[in-house]
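Try each task before reading its solution.

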Amino acid sequence: MAENIVAIEYEALLLGKRITRVAGFRGSRLGMLDRSAYILLVSLEDQPKSIGELSEITGLDASTLNRQTAAMRRQNIIQRIPDPDGGMARKFTLTQEGERSLAQQRKRNLGALSTVLSDWSSEEIARFAAALTRFNRAVQSLEMRNDS
């Protein structure tokens, strides 16, 4: 069992490094999002969120998120809005340019993953997706326990 845990640790490290390369997050080609911007855009995709809510999702502190959101506002991919629910905190939402950038990067990501998984069966992909989701939720749960 310990041997498999060592293998998981090693493969998870490699996955994080390689997936960003395959998905095109490295380099400075025009129109490409960096990884941190992509994560924030995905987090904002469904509904506006405050710095505090983004911190809970990403595990980043408020000062880091303030710097990242300021840069993203300068790029016109997010905007600050009043809380739609009437709360005090300002929230962030995607601009049209942000939606376009997110869709463009997602298309790159899914294309790269589809290529990587092209010789996998539908069942293998489903099992891997379920196991990876379970793994990430367990890591997130441990992270939350360690933060409290």
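The exercises cover a helix pair and a pocket.

This is a predicted model, where local features need pLDDT of at least 70, side-chain atom pairs count only at pLDDT 80 or more, and totals for chains, interfaces and linings use all residues. Residues are numbered from 1 along each chain as its sequence is written, and side-chain values use heavy atoms, without hydrogens and water.

**Exercise 1.** Find how the axes of helix H2 (residues 35-44) and helix H5 (residues 96-116) cross.

Solution. 
- Step 1: The two axes come within 10 Å and cross at roughly 110 degrees.
- Step 2: That makes H2 roughly perpendicular to H5 (65 to 115 degrees counts as such).
- Step 3: H2 makes the contact through Tyr38, Leu41 and Val42, and H5 through Gly98, Leu102, Gln105, Arg106 and Asn109 (contact means heavy atoms within 4.5 Å).
- Step 4: These residues divide into 4 nonpolar, 3 polar and 1 charged.

**Exercise 2.** Which helix gives the most to the lining of the largest pocket?

Solution. 
- Step 1: The largest pocket has a volume of about 2100 Å³ (a pocket is an open set of points on a 1 Å grid where a 1.4 Å probe fits, with protein on both sides within 12 Å along at least five of seven lines; lining residues have an atom within 4 Å of a point).
- Step 2: It is lined by 41 residues, and Leu15, Ile19, Arg35, Leu132 and Asn136 are the closest to its centre.
- Step 3: Helix H1 (2-22), H2, helix H3 (51-58), H5 and helix H6 (122-147) each supply at least two lining residues.
- Step 4: H6 gives the most, with 12 residues.
- Step 5: The lining divides into 25 nonpolar, 9 polar and 7 charged residues.

Definitions and conventions. Axes fitted to C-alpha atoms, helices over the stretch in contact; angles between N-to-C directions. Helix = DSSP H or I, 4+ residues; strand = E, 2+ residues; numbered from the N terminus. Parallel < 35°, antiparallel > 145°, perpendicular 65-115°, else oblique. Nonpolar A, V, L, I, M, F, W, Y, C, P; charged D, E, K, R; others polar. Points joined across faces, edges and corners; volume = space filled by probe spheres on them.
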